[in-house]
Amino acid sequence: MSVFKERSGSYLEMINEAAGKYLERSAFGGRESSGLDVMLEAMGYSLENGGKRIRPILTLEFCRICGGDVRKALPYALAVEMIHTYSLIHDDLPCMDDDDMRRGKPSSHKVFGEANALLAGDGLLTLAFEILLSADDDPAKLVKAGAELAKAAGCSGMIAGQVMDLENEGRAASLEEIKATDKRKTGELIRIAALLGCICAGASEEQINAAEKYCAGIGLAFQIVDDILDVTGDEAVLGKPIGSDGENEKSTYVSLLGLDKSTEYAAELTESAKSDLGVFGAEAEFLKELADRLSIRRN
C-alpha cells in the first residue's frame, strides 16, 4: 500500500470515528431537548454521508507536517468539516440551488423537510464552534482558530462567495469576477482547513505562508474541475445532477475558456501549488499527490 493510501485511510478512519462520537446523544452531556434526536439524525445523515473529507485531511496533514500532534488537531478538523457540510445542506435547499441529490443520496431537505434541513445546517454550524472552542488544547490557539474560522466561513468569506455566486446567475460574469467568487465560496474553507492545522501545530510564518499559497492553487483548481465535471461528468459517479450551470445560465470557467483551456488552467494551478510546498521538503509528497488526485477526480 502506498504512503498516500495508508495515511489518507488512517485520517479517514479518525475523522469518521470522531464525527460519529460527536453526534451521539451522550456527547451532549445530559442536555435534554425534545428536538435533539431528530436534529442529530438529520445532522448525521449529511455529515456521515461519505465525501472525500478533503478539508479535515488538510487540517490533519498540515498539523503533522508542521510537527504537531494529529490527534490534537481532530476537533479543528471536525469543525471545518461540519461547516462544510452545513454549507452543502443549505446549498441544496429550494431557495438556493434546489438540488434533490447529494453524494448519491437524496438531499437533506428531501428526507427531513426543508425546515429541519435548514435547522440541521444551523446545528452543524454552531456545533462546529462548540467542538473547537471546547477542545483540550492551548486556549490561545483555540481562540485564534475560532476567530479565523469565523472569518473564513462568514460574511467576508464563504457566505460572501455564495452571495456573489447567486449574483452571477443569469448574467455574463467576467473571469476575474468568477475567480473572486470562487476564492471565497470554495477557497476560503480549503485555506482555513490548512491554517487550522498550522495553528494547532504552532507552525512558523514561513510554513503558514506556504500552506496558504498551496491552498489558493488547489482551491481554484478544485472549482475549475467542478465546472468541467458539470459538463462532462457522469451523474451516477458524481452523485448529483449535472448540467445545472448551463440551465441557470451561469458563467463558468468552461463557458468562458472552453473545456481544453479550463483543463490546462487547472493543471497549471496544481503544478504551481505543488511548487509552493518547498519549505516542507520531502515531507510534502502526500500533499503533492493529493493535489494531483484532486485535479483528475471524477466526483
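The following exercises, with worked solutions, concern the packing of a predicted model.

**Exercise 1.** Classify the aromatic pair formed by tyrosine 11 and phenylalanine 286, and state where each residue lies in the chain.

*Solution.*
1. A pair of aromatic rings is described by the distance of the centres and the angle of the planes.
2. For tyrosine 11 and phenylalanine 286, the centres are 6.0 Å apart and the planes make an angle of 75°.
3. Centres within 6.5 Å qualify as a pair, and an angle over 60 degrees counts as edge-to-face; the pair is therefore edge-to-face.
4. Tyrosine 11 belongs to helix H1 (residues 3-22) and phenylalanine 286 to helix H16 (residues 285-295), so the pair links parts of the chain that are 275 residues apart.
5. Together with Phe4, the residues Tyr11 and Phe286 make up one aromatic cluster. The whole structure contains 5 aromatic pairs.

**Exercise 2.** Decide whether tyrosine 11 and phenylalanine 286 are buried or exposed.

*Solution.*
1. The criterion for a buried residue is a relative accessible area under 20%.
2. Tyrosine 11 has a relative accessibility of 3% and therefore counts as buried.
3. Phenylalanine 286, at 4%, counts as buried because its value also falls under the cut-off.

**Exercise 3.** Which arginine residues sit over the ring of phenylalanine 222, and at what distances from its centre?

*Solution.*
1. The charged end of arginine 55 is placed over the ring, 5.8 Å from the centre.
2. Arginine 297 lies over the face of phenylalanine 222, at 3.7 Å from the ring centre.

**Exercise 4.** Determine how far helix H2 (residues 36-47) is enclosed, and identify the elements against which its buried residues pack.

*Solution.*
1. Helix H2 comprises 12 residues and reaches 16 Å from its first C-alpha to its last, close to the 16 Å expected.
2. Of these 12 residues, 9 are buried, so H2 is largely enclosed by the rest of the structure. Among them are Leu36, Met39, Leu40 and Tyr45.
3. The buried residues of H2 pack against H1, helix H4 (74-92), strand E2 (105-106), helix H5 (108-112) and helix H6 (114-133).

**Exercise 5.** Describe the largest nonpolar core and the surroundings of leucine 149.

*Solution.*
1. The largest nonpolar core has 80 residues, and those with the most contacts inside it are Leu58, Phe62, Ile83, Leu149 and Tyr214.
2. Helix H10 (residues 187-201) gives the most to this core, contributing 11 residues.
3. Apart from residues up to four places away in sequence, leucine 149 touches Ala79, Val80, Ile83, Phe129, Leu132, Ile192 and Leu196.
4. A second, separate core has 13 residues, including Val225, Ile228, Tyr253 and Leu269.

Terms used. Residues numbered from 1 in each chain as written. Predicted model: local features only at pLDDT ≥ 70, side-chain atom pairs only at ≥ 80, totals over all residues. Heavy atoms only, no water. Phe/Tyr/Trp six-rings, centres within 6.5 Å; stacked < 30°, edge-to-face > 60°. Helix = DSSP H or I, 4+ residues; strand = E, 2+ residues; numbered from the N terminus. Buried < 20%, exposed > 50% of the residue type's maximum accessible area, 1.4 Å probe, protein only. Lys NZ or Arg CZ within 6 Å of the ring centre and 35° of its normal. Expected span 1.5 Å × (residues − 1). Contact = heavy atoms within 4.5 Å. Core = buried A, V, L, I, M, F, W, Y, C linked by side-chain atoms within 4.5 Å.
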